[in-house]
Amino acid sequence: MPNPKVQHGASASPGKLKLLAWLVGITVLIGLSDFGDPIDLALRNAQFRIRARPASGQIVIVGIDDEALTSVGGWPWRRDRFAELTDRLMAAGADRIFFDVPFRSMDSQGDEAFAKAIARQPGDRVPQRGVGSLG
(Lines give C-alpha, C1' and ligand atoms only; values in the text may rest on other atoms or scores of the structure.)
Protein backbone atom coordinates (compact mmCIF):
# COMPACT_ATOMS: atom_id res chain seq x y z
CA MET A 1 0.00 0.00 0.00
CA PRO A 2 1.45 3.42 -0.98
CA ASN A 3 2.45 5.81 1.75
CA PRO A 4 0.08 8.80 1.66
CA LYS A 5 2.70 11.14 3.24
CA VAL A 6 5.19 10.68 0.36
CA GLN A 7 4.37 12.73 -2.71
CA HIS A 8 5.87 11.21 -5.81
CA GLY A 9 6.89 13.68 -8.53
CA ALA A 10 6.09 16.72 -6.38
CA SER A 11 7.94 19.94 -7.18
CA ALA A 12 9.63 22.29 -4.72
CA SER A 13 7.38 24.57 -2.78
CA PRO A 14 7.08 28.23 -3.86
CA GLY A 15 8.84 29.29 -0.65
CA LYS A 16 11.91 27.18 -1.45
CA LEU A 17 12.04 28.50 -5.02
CA LYS A 18 11.83 32.07 -3.75
CA LEU A 19 14.65 31.42 -1.27
CA LEU A 20 16.79 29.87 -4.03
CA ALA A 21 16.14 32.87 -6.30
CA TRP A 22 17.16 35.29 -3.54
CA LEU A 23 20.34 33.33 -2.80
CA VAL A 24 21.31 33.24 -6.48
CA GLY A 25 20.60 36.97 -6.83
CA ILE A 26 22.63 37.87 -3.75
CA THR A 27 25.51 35.66 -4.91
CA VAL A 28 25.55 37.35 -8.32
CA LEU A 29 25.48 40.83 -6.76
CA ILE A 30 28.35 39.98 -4.41
CA GLY A 31 30.32 38.50 -7.31
CA LEU A 32 29.80 41.58 -9.49
CA SER A 33 30.52 44.09 -6.75
CA ASP A 34 33.67 44.71 -4.73
CA PHE A 35 31.88 43.58 -1.57
CA GLY A 36 33.88 40.36 -1.31
CA ASP A 37 37.28 41.96 -1.99
CA PRO A 38 38.30 42.41 1.67
CA ILE A 39 37.54 38.76 2.38
CA ASP A 40 39.41 37.68 -0.75
CA LEU A 41 42.38 39.85 0.19
CA ALA A 42 42.45 38.46 3.73
CA LEU A 43 42.40 34.89 2.42
CA ARG A 44 45.21 35.62 -0.06
CA ASN A 45 47.32 37.22 2.68
CA ALA A 46 46.78 34.18 4.89
CA GLN A 47 47.77 31.88 2.02
CA PHE A 48 50.99 33.83 1.41
CA ARG A 49 51.83 33.82 5.13
CA ILE A 50 51.31 30.06 5.34
CA ARG A 51 53.39 29.36 2.22
CA ALA A 52 56.11 31.94 2.97
CA ARG A 53 59.73 30.86 2.81
CA PRO A 54 62.98 32.79 2.96
CA ALA A 55 64.50 34.10 -0.26
CA SER A 56 67.14 31.79 -1.73
CA GLY A 57 69.39 34.57 -2.94
CA GLN A 58 69.69 32.81 -6.30
CA ILE A 59 67.75 35.45 -8.23
CA VAL A 60 69.25 38.86 -8.79
CA ILE A 61 67.43 41.63 -10.63
CA VAL A 62 69.61 44.14 -12.42
CA GLY A 63 67.63 47.29 -13.04
CA ILE A 64 68.29 50.12 -15.44
CA ASP A 65 67.74 53.15 -13.23
CA ASP A 66 68.52 56.86 -13.47
CA GLU A 67 72.03 56.30 -12.14
CA ALA A 68 72.75 53.75 -14.89
CA LEU A 69 71.33 56.06 -17.52
CA THR A 70 73.53 58.89 -16.24
CA SER A 71 76.73 56.85 -16.13
CA VAL A 72 76.26 54.70 -19.26
CA GLY A 73 74.20 56.97 -21.46
CA GLY A 74 70.63 57.85 -22.29
CA TRP A 75 67.92 55.51 -23.42
CA PRO A 76 67.60 53.61 -25.68
CA TRP A 77 70.89 51.82 -25.32
CA ARG A 78 72.63 50.35 -28.32
CA ARG A 79 72.72 46.57 -28.47
CA ASP A 80 76.48 46.48 -27.98
CA ARG A 81 75.79 47.78 -24.45
CA PHE A 82 73.56 44.76 -23.90
CA ALA A 83 76.29 42.54 -25.36
CA GLU A 84 78.75 43.92 -22.80
CA LEU A 85 76.16 43.53 -20.02
CA THR A 86 75.51 39.91 -21.07
CA ASP A 87 79.22 39.07 -21.01
CA ARG A 88 79.72 40.74 -17.63
CA LEU A 89 76.71 39.01 -16.05
CA MET A 90 77.82 35.59 -17.29
CA ALA A 91 81.38 36.25 -16.08
CA ALA A 92 79.92 37.14 -12.67
CA GLY A 93 78.27 33.71 -12.51
CA ALA A 94 74.78 34.26 -13.92
CA ASP A 95 73.06 31.04 -14.90
CA ARG A 96 70.26 32.68 -16.90
CA ILE A 97 69.63 36.18 -18.16
CA PHE A 98 66.25 37.61 -19.05
CA PHE A 99 65.85 41.00 -20.70
CA ASP A 100 62.59 42.82 -20.17
CA VAL A 101 63.25 45.80 -22.41
CA PRO A 102 61.88 46.69 -25.83
CA PHE A 103 64.32 46.04 -28.67
CA ARG A 104 62.56 47.92 -31.44
CA SER A 105 64.92 49.74 -33.75
CA MET A 106 67.57 47.98 -35.80
CA ASP A 107 71.23 48.57 -34.96
CA SER A 108 73.36 46.52 -37.36
CA GLN A 109 76.66 46.91 -35.51
CA GLY A 110 75.13 46.52 -32.05
CA ASP A 111 72.79 43.70 -33.15
CA GLU A 112 75.74 41.65 -34.36
CA ALA A 113 77.71 42.19 -31.14
CA PHE A 114 74.65 41.32 -29.04
CA ALA A 115 73.95 38.17 -31.10
CA LYS A 116 77.58 37.05 -30.69
CA ALA A 117 77.47 37.68 -26.92
CA ILE A 118 74.30 35.61 -26.64
CA ALA A 119 75.76 32.83 -28.81
CA ARG A 120 78.84 32.63 -26.54
CA GLN A 121 76.68 31.74 -23.57
CA PRO A 122 75.61 28.17 -22.80
CA GLY A 123 72.00 27.09 -22.74
CA ASP A 124 68.87 27.75 -24.70
CA ARG A 125 67.78 31.02 -26.22
CA VAL A 126 64.09 31.79 -26.21
CA PRO A 127 63.27 35.07 -27.91
CA GLN A 128 59.88 36.54 -27.08
CA ARG A 129 58.00 39.01 -29.17
CA GLY A 130 54.88 40.90 -28.30
CA VAL A 131 54.94 39.97 -24.62
CA GLY A 132 53.29 42.51 -22.37
CA SER A 133 51.96 45.90 -23.34
CA LEU A 134 55.07 47.11 -25.16
CA GLY A 135 55.17 44.44 -27.88
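Modeller: Start with a definition: a residue is buried if its relative accessible area is under 20%, exposed if over 50%, and partly exposed in between (1.4 Å probe, protein chains only). By that rule, 9% of the 135 residues in the protein are buried. This is a predicted model, with local features taken only at pLDDT of at least 70 and side-chain atom pairs only at pLDDT 80 or more, while totals for chains, interfaces and linings use all residues. Numbering runs from 1 along each chain as its sequence is written, and side-chain values use heavy atoms, without hydrogens or water.

Colleague: How do you know how helix 2 is covered?

Modeller: Count its buried residues: among its 14, the number is zero, so by the 20% cut-off helix 2 is hardly covered. Its length is close to expectation: residues 37-50 reach 20 Å from first C-alpha to last, against an expected 20 Å. The expected span is 1.5 Å times one less than the number of residues.

Colleague: Why is the span of helix 4 said to agree with expectation?

Modeller: Its 13 residues should span 18 Å, and its end C-alpha atoms are 18 Å apart, so the two agree.

Colleague: Which residues of helix 4 are buried, and what puts them on the same side?

Modeller: Arg 79, Phe 82, Ala 83, Thr 86 and Met 90 are buried. They cover an arc of only 105° around the axis, so they share one side of helix 4. The arc is that of the directions from the helix axis to the C-beta atoms. On the other side, Arg 88 and Ala 91 are exposed. Helix 5 is part of what covers the buried residues. After helix 4 comes Gly 93, with a positive phi near 110°.

Colleague: Why is Arg 79 called buried?

Modeller: Its relative accessibility is 8%, which is under 20%, so Arg 79 counts as buried. Beyond neighbours within four places in sequence, Arg 79 is in contact (heavy atoms within 4.5 Å) with residues including Asp 107, Asp 111 and Phe 114.

Colleague: Which residues form the largest nonpolar core?

Modeller: Six: Ala 68, Trp 77, Phe 82, Ala 83, Phe 114 and Ala 117. A nonpolar core is a set of buried Ala, Val, Leu, Ile, Met, Phe, Trp, Tyr and Cys residues joined through side-chain atoms within 4.5 Å. Helix 4 and helix 5 each give two or more residues to this core. In soluble globular proteins, nonpolar side chains tend to be buried together.

Colleague: How many aromatic pairs are there?

Modeller: Rings of Phe, Tyr and Trp (its six-membered ring) pair if their centres lie within 6.5 Å; planes under 30 degrees apart count as stacked, over 60 as edge-to-face, the rest as tilted. The count comes to six. One of them joins Trp 75 and Trp 77, 5.7 Å centre to centre with 50° between the planes, which makes the pair tilted.

Colleague: Why is the pair of Phe 82 and Phe 99 called edge-to-face?

Modeller: The ring centres are 5.5 Å apart, within the 6.5 Å limit, and the planes meet at 85°, over 60, so the pair is edge-to-face. The pair links distant parts of the chain, 17 residues apart: Phe 82 is in helix 4 and Phe 99 in the loop between helix 4 and helix 5. Phe 82 is buried at 1%, and Phe 99 is partly exposed at 29%. Ring pairs link Trp 75, Trp 77, Phe 82, Phe 99 and Phe 114 into a cluster.

Colleague: How do you know the peptide bond from Trp 75 to Pro 76 is cis rather than trans?

Modeller: Its omega is near 0°. Pro 76 sits in the loop between helix 3 (66-72) and helix 4.

Notes. Helix = DSSP H or I, 4+ residues; strand = E, 2+ residues; numbered from the N terminus.
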